Amino acid sequence: MDLETFINLFLAGLTLGTVYLLMAMGLTLVYGVTKVFNYAQGSFFTWGGYLAWSLSVGILGWNYYLVIPITLVAMFIFGMVFEKAIVLPLRRLPGWDFTVIIVTLGCSLALDNLILVVFGPLSKTVPHLLEGTFNFGKYAIAKHDVIMLVIGILVFIILQLFLSKTWTGMALRAVSQDNVGAKIVGLPLNTMYSMAFGIAGLLSAVAVILLAPRTLLYPLVGWTTLLKAFVVMVLGGLGNIKGTVIAAFALSIAEIYSAFFLGGIWAMPLFLAVLVIILVFKPKGLFGSW
Amino acid sequence: MVNNLRKAIIIIGLLGLFTILPFFFHRSNYIMNILILCLIWGVMAASWDLILGYANVFSFGHLSFFIIGGYTSGLLAEYLGLSPWLGYIAGGLAASLIGFLIGIPCLRLQGMYLAIVTFSLQFVLPTFIVWAGPGKFENFSTGGSWGLERIPSPNLFGYVFTRSELVPWYYLTLSFFVLFISIIYIIIKSNVGLAFIALRDAEPQAKSLGVDEYKYKLMVFAISAFIAGSAGAYYAHYFGLISPASMSLDVFLIVLIMVLFGGLGVFPGAAIGAFIITIVNELLRPTLEWRLVILGGIVILTMMFMPKGVMDILAALGRLGRRIIKIKQAPNSAPT
Amino acid sequence: MLKVENINFLYGEVQVLTDVSINVEEGEFVAIFGPNGHGKSTLLKVICGLLKPVSGSIHYDGRVISRLSTQAIVDMGLVYIPEDRNLFPEMTVADNLRMGAYAKHARPKIKENLELVYQLFPKLKELNNRTASGLSGGEARMLAIGRGLMSNPKFLAIDEPSFGLAPNLRVDVFKSIEEIRKRGTSILLVEQSTTIASDYAHHIYVIEDGKIVFKGSKEEAYNNGKIRKIFLGL
């Protein structure tokens, strides 16, 4: 393997890592705040991608740079509506923490197949954020990957700042740390729940916009990303930011290199094997505190 | 006492009903096929309910056992000429063994973790099947993504079952269904079943009495895997074909819905759920691509309004029925 | 200010509160005593919206609050400080206090209230950057009360303010609570240890088995033989 390939693979690994990181952050946030594992988050990812595609190259032909913020806002709203319409009503029922798993699975079934109905099974191509490569002497690095990495990290930093410095962000953290404590200081729990789902929707949209240009868009595209994000979440330890970051990049880089040497289809088994091994020795994840 | 008598009557009545069904439908292979599928999925769903609803183990990989059983039996039939009758057992054993091996590390995990680990099997198993497909090994192939074909039908004292004659298949399947449902019922009513009800309703007390949760969970995991594997083997020999598509995400969700629709941990809810969903699934076929969207919608609505599943509705209907009877019998006396 | 009328509460099949009625006038200090597990904490939780009564009504500041959410009740100035404290374990002392001021009416008063909290509990200023999970029992209780104060309460419902504290700290806590009351906040507290609290209380209630068995002043309680036993925790 020459240096250029090594660097490009490494970069691809880093960018993939930010995608997993953002998805994992979304999952963690939702789980921490609402205590719900959203099995339909893969569908958020897919819907975000198809929305971006339809607005730009697919149907309406709008400028992609305009489409991106529209998609982000739309998916944020989608997440909030999803929570209000589907998850919130279930909270009143007994045994809701199990029911909600079934319902989110049912939602993913409906949502994914709705995409299939509307758009058909063939893959769609999503535009790159920037075409072409940067050229350093004889090394060429894909511009898209660099931008992906920058944006991904930027979004992550903004998220962290939001969570630690703003009232709403701190409120979200408070709810995830002590539900009763949150009530007695007057936090509007229902609003926080919706917000968590909304942010997860937004993060999924960012993730798909970053990743889809490379992997193409198809109706079940969200599932593999969701599962990998889950592995990251578990490995990193629920709520442990540092752990999640490390886990995201470690796994993504491992995935890229193993795909290069062994072939892409082994990514899922690899992730699963790693997950099982880690959980056997540390049932709370690598850095878990949960 | 009266309750048991009533239950016995219902069971015999249903059995009788199922036995004579072919007399009405034997002309339609389409309907006979649906009935057979209902029975096969009924066993599969009931076995899943055993681990999910009774033992409260968030195992989402149960369909994998079904597939493992199917492939094992099919491959053994193809490469070793094993008879399907033995294949059903072999498939069950293979699934059970793998279930046992997976269970040992995984059953110690907490709910959510276990759910995702077992769920990932959905995605991992097809990878292996496709990998060991045509061309990979010289004398062996799983059929890859095209699947295993020409799986032989069972041979009963010279009579070879064939898909052009579904009535014999139906009775065979019915016997298979009765056998396994009875086994499941016996397990539920046995000490193992009691242990789980104790664990479910009063965990600390049960544990202090020495109920070893892990051991029981492992046992039920292996047993329910056996049943699922056997069902899978049966399925393989019935269709003559099994492929990775048989465990696609759609199939997974539909079978899971069967279990939940019937109500978790309420015997025989899962089997009833399987019947209803199989039929609804068929009825929705004319909607083509919309079928799964609608099915997903049904799941959502069901859980919202009937979180305990079909058994809840049946129980409510039962109470309503009894109250109507009481009112009819004594219209002038005050309600007690 | 607070009028609780004929509250009944069941936990599953068990009747935890039977026909409980309590009155707290504005600016008063009212204490509820009684043996553990007889419904004192449950009563506070019902008043503050964490639990919903099966029957009966609760009036606060002229409005019926029996069916309101805790958030709405906090917005009205009724703040609950639980026995479990329910602090945010991974946030610092400073952040915990800050979160206390989330409510709209509390935000403009953050600086003032923080000053007040540091005045009453100087130790909290020292511990500003300590994570809540790393606090001792006494420090955590101070933080819980401090956080409650940040919500700018007109009425404080406190569950076991002095539980687990060293005797000298206990005296201090009640002194602080009386300070808070003097500034215009009504106080309803639940306590197991009667000695100090009863000195400050205008009225005393005693709950036994989920029912009010006594209402009156400290002297009346002492003179009532049967009540005295419960009162002194014998």
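Predicted model: local features only at pLDDT ≥ 70, side-chain atom pairs only at ≥ 80, totals over all residues.
## How the chains touch

Two pairs of chains touch in the model, and the pair formed by chains A and B has the most contacts. Chain B and chain C, by contrast, do not touch, and their nearest C-alpha atoms are 14 Å apart.

The contact between chains A and B draws 29 residues from chain B and 32 residues from chain A. On the side of chain B that touches chain A, helix H5 (111-131), helix H10 (249-261) and helix H12 (291-305) of chain B each supply at least two residues. H12(B) gives the most to this side, with nine residues. Sorted by class, the side of chain B that touches chain A has 22 nonpolar, five polar and two charged residues.

The contact between chains C and A takes 20 residues from chain C and 14 residues from chain A. Helix H2 (70-75) and helix H3 (93-100) of chain C each provide at least two residues of the side of chain C that touches chain A. The largest share of that side, four residues, belongs to H2(C). Its residues divide into 11 nonpolar, five polar and four charged.

## The overall form of chain A

Chain A contains 11 helices and two strands. Read from the N terminus, its elements follow the order α-α-α-α-β-β-α-α-α-α-α-α-α.

Taken along the principal axes, the C-alpha atoms of chain A fill a box of roughly 60 × 50 × 35 Å. Buried residues account for 53% of the 290 residues in chain A. Among contacts in chain A between residues at least 6 apart in sequence, 75% join residues at least 24 apart.

## The nonpolar core

The largest nonpolar core has 272 residues. The residues with the most contacts inside this core are Met23(A), Ala196(A), Ala45(B) and Met258(B).

With its neighbours within four places in sequence left aside, Ala45(B) is in contact with several residues of chain B, among them Val255(B), Met258(B) and Val259(B). Its contacts also include Gly262(B), Ala270(B), Ala271(B), Gly273(B) and Ala274(B).

## The sheet of chain C

Strands of a sheet pair through backbone hydrogen bonds, in either a parallel or an antiparallel sense. In chain C, four strands form an open sheet in the order E2-E1-E4-E5, and the pairing is antiparallel. The edge strands are strand E2 (14-24) and strand E5 (63-64) of chain C, each of which pairs on one side only. Helix H1 (residues 40-47) of chain C packs on the sheet and touches E1, E2 and strand E4 (55-60) of chain C. The direction of this helix makes about 65° with that of E2(C).

Strand E1 (residues 2-11) of chain C pairs with E2(C) in the antiparallel sense over seven bridges. Within this pairing, Phe9(C) has Leu17(C) in E2(C) as its bridge partner, and Tyr11(C) stands opposite Val14(C) in E2(C). E1(C) and E2(C) form a hairpin with two residues between them, and Gly12(C) in the turn has a positive phi of about 70°. E1(C) is also joined to E4(C) by five bridges, and these two strands run antiparallel. One of the residues involved is Asn8(C), whose bridge partner in E4(C) is Ser55(C).

## Two residues with positive phi

Which phi does Arg85(C) have, although it is not a glycine? The phi of Arg85(C) is positive, at about 65°. Arg85(C) lies in the loop between strand E6 (78-81) and H3 of chain C. Because 25 other C-beta atoms lie within 10 Å, Arg85(C) is buried.

Glu160(C), likewise not a glycine, has a positive phi of about 55°. Its place is in the loop between strand E7 (155-159) and helix H7 (167-182) of chain C. Glu160(C) has 22 C-beta neighbours inside 10 Å and therefore counts as buried, since the cut-off for a buried residue is 20 or more.

Technical notes
Residues numbered from 1 in each chain as written. Chains lettered and ligands numbered in written order. Core = buried A, V, L, I, M, F, W, Y, C linked by C-beta atoms within 7 Å. Buried ≥ 20, exposed ≤ 12 C-beta atoms within 10 Å, placed from the backbone. Contact = placed C-beta atoms within 7 Å. Nonpolar A, V, L, I, M, F, W, Y, C, P; charged D, E, K, R; others polar. Pairing = 2+ DSSP bridges. Axes fitted to C-alpha atoms, helices over the stretch in contact; angles between N-to-C directions.
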